[in-house]
Amino acid sequence: MTTSTPAPHATTLDEVLAIIHGAGGPLAAAPVPLAQALGRVLREAVVAPEDQPPFARSGVDGFAVRVDDTATEFQIVDFLRAGDWRPRPLAPGEAVRIGTGAALPADGLQVVMIEDTAMDGERVRVLQRDTVRHVRERGEDARRGQPLLAAPCRLSAGALGLLASLGVVAPSVARLPRVVHVATGNEIVPPEQTPAHGQIRDSNSTLIRAFLAARGVPVAQHRAPEEFAAAAALLRDPAGGAPAADLLLLSGGASVGEHDFTRRLLADLGFEILVSKAASRPGKPLIVARRGAALAFGLPGNPLAHYVCLHLFVQAALDAFAGLPAKSPFHPGVLAAELDNEGAARETLWPAHAAATDGTVALEPLRWISSGDLSSLGRANALIRVPGGAGRLARGTTVPFVSTVPPA
Ligand code: AMP
Ligand code: MG
C-alpha cells in the first residue's frame, strides 16, 4: 500500500500577508545621498535643525519702511536683492528698496508692494498702504526642533525638496533588499528568441524586473532548466550555502506536478516553508519560505498568477524589509461594469482598470479566462478582490481593490 502525502494546507490571502509581515524583518538603515533617496523608506524621523525660514525676509518686491512711520514720501537709502545681507536701522522717512526673498535689514519693518508706490529717482511715494506687512517671519514655517517627517515614511519628491531645504543631505533609509530571481521551465525561451512549437517566451522575468525597477529595487536574474541539480547548483553560493540574497524569487515549478521541485530546492538551500498553497486565485500554488532574515517565494509560473503574487505578496515583503508597518493594501472602489465570477469557490483577484471619478474609484473588470492569459495586463492597474463563492456582482457594487501602481 502506498502512503500519500496530505494535501498542503491552503493559507488565506490575509494569512499570507500576515505571515510575510511576521517573517520579513526590517533591513538595516543607512544614509543615502538625496539623489538616490526617491521612493526609499525613511527610518529616522527628521526635525527642523533650525528655524524655517532662518531669517525674516520680504514676501514681495517693494519698499521696506518702519511700521510706525506714517510718512507718504521716503528717501531710498539702499537696494537689497535676494541673497544680500546689509543690516541697518531705518530712520523715519527712510525706505529700503527690497526684492522678494531678501533679508530685511532690521526688525519692526513692513514692505509696501512696488505696485502701491511711485518711484522718482532717490525718492519713493507710497500711494496706498495696507495692513499686511508682507514679511515672511523667521520660523513661521517651522520652529527649530519641530518634527517635519515621521519615520517610517516613503520619500516623495516633495519630501526630498523639504530635506534639501533643511540641509539633510543624507537621510537614513532602509537599505534595498538584495534580490535574486530564477525563472525555471524547460519550455521557456528568452523573449528575443522565436519559440519552437511547444515553447513559450519567458514573460515573467521581464514582469519581475519591471515590477522591482518601478520600486527602485535591482535584481540579479537567471534562467534555469527545471532540473534539480542544475537549479540548485545555480543558486548555491560557492561555499554550498544559500545565495546571498534577502529575497529569492523562483518562477515556475510551483504547481502540483512540480510542487516538490521548488520545495525541495528551497529545503536544500536551508529554507523553512511557511506557506505551501494559497487559498486565493490566480496564484494558488504559492510557496513562501524563510531562512533567517531572508524570504523566498515560489511563484506559480502563470503570468497572471505572477502579477497577483508580485503586487500582493512580494510587495508585502518589500514593505516589511523597508520597515513599513503591516496594513491592508485594499481600498474601496465601485464596479463600472458587471463582474461575473461564476461562483468560483476561491477568493479571486481580478485584473481591472481603475479610474478616479467624482469622489470614487471606478473599476472596470478586464477579461481573462485562465491565469496564463496576459492580454488584461496591457491595461491593468488594479486587482479587484472578489469573495469566494461570489457569482455576478452588479455594476455599482462597492468592492475592495488593490492598486498595482507603484507606491509613491
Ligand atoms: P509552472 O508553475 O512551472 O507549473 O508553470 C505554470 C504555467 O506557467 C505553465 O503554462 C508555464 O509554461 C508557464 N510559465 C512558467 N514560467 C513562465 C515564464 N517565465 N514566463 C511565462 N510563462 C511561464
Ligand atoms: Mg514549470
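**Exercise 1. Domain layout**

Task: State how far apart the centres of domain 1 and domain 3 lie in this predicted model.

Solution. The assignment gives four entries: domain 1 (13-28 + 175-322), domain 2 (30-51 + 141-174), domain 3 (57-136) and domain 4 (331-403). Step 2: Take the centres over C-alpha atoms; those of domain 1 and domain 3 are separated by 66 Å.

**Exercise 2. The second largest pocket**

Task: Describe the volume of the second largest pocket, and determine which elements and domains supply its lining.

Solution. Step 1: Begin with the space itself. For the second largest pocket the volume is about 580 Å³.

Step 1: Identify the lining. It comprises 24 residues, and Q315, D319, K327, P329 and P407 are those nearest the centre of the pocket. Helix 1 (13-23), helix 6 (303-322) and strand 32 (398-403) are the elements that each give two or more residues to this lining. The most comes from helix 6, which gives five residues.

Step 2: Assign the lining to domains. Domain 1 (13-28 + 175-322) and domain 4 (331-403) each provide at least three of the lining residues.

Step 3: Classify the lining by residue type. In the second largest pocket, 13 lining residues are nonpolar, seven are polar and four are charged.

**Exercise 3. Aromatic rings and charges**

Task: Find the aromatic pair in the structure and characterise its geometry, then locate arginines that lie over the face of a phenylalanine ring.

Solution. Step 1: Search the whole structure; one aromatic pair is found. Its members are W350 and W368, with 5.4 Å from centre to centre and 75° between the planes. Planes over 60 degrees apart count as edge-to-face, so the pair of W350 and W368 receives that label.

Step 1: W350 belongs to strand 28 (residues 347-356), whereas W368 sits in the loop between strand 29 (361-365) and strand 30 (382-386); the two are 18 residues apart, and the pair links distant parts of the chain. W350 and W368 are both buried.

Step 2: Turn to the charged groups. R264 is positioned over the face of F228, 4.2 Å from the ring centre. R385 is positioned over the face of F330, at 4.5 Å from the ring centre.

**Exercise 4. Backbone exceptions**

Task: Identify the residues joined by cis peptide bonds, and decide whether H134 and E342, which have positive phi, are buried or exposed.

Solution. Most peptide bonds are trans, and most residues other than glycine have a negative phi.

Step 1: Find the cis bonds. One runs from Q52 to P53, with omega near -10°; P53 is in the loop between strand 4 (46-47) and strand 5 (57-58). Another joins R281 and P282, with omega about -10°, and P282 falls in the loop between strand 23 (280-281) and strand 24 (287-291).

Step 2: Examine the positive phi values. H134, not a glycine, has a phi of about 55° and lies in the loop between strand 11 (123-126) and strand 12 (135-136). E342, also not a glycine, has a phi of about 50° and lies in the loop between strand 27 (339-340) and strand 28.

Step 3: Apply the accessibility cut-offs. H134 has 14% relative accessibility, and because buried means under 20%, H134 is buried. E342 has a relative accessible area of 69%; because exposed means over 50%, E342 is exposed.

**Exercise 5. Sequence separation and spatial distance**

Step 1: S370 is in the loop between strand 29 and strand 30.

Terms used
Residues numbered from 1 in each chain as written. Chains lettered and ligands numbered in written order. Predicted model: local features only at pLDDT ≥ 70, side-chain atom pairs only at ≥ 80, totals over all residues. Heavy atoms only, no water. 1 Å grid on protein atoms, 1.4 Å probe; cavity = no way out; pocket = protein on both sides within 12 Å on 5 of 7 lines; lining within 4 Å. Points joined across faces, edges and corners; volume = space filled by probe spheres on them. Helix = DSSP H or I, 4+ residues; strand = E, 2+ residues; numbered from the N terminus. Nonpolar A, V, L, I, M, F, W, Y, C, P; charged D, E, K, R; others polar. Domains from an automatic or database assignment. Phe/Tyr/Trp six-rings, centres within 6.5 Å; stacked < 30°, edge-to-face > 60°. Buried < 20%, exposed > 50% of the residue type's maximum accessible area, 1.4 Å probe, protein only. Lys NZ or Arg CZ within 6 Å of the ring centre and 35° of its normal.
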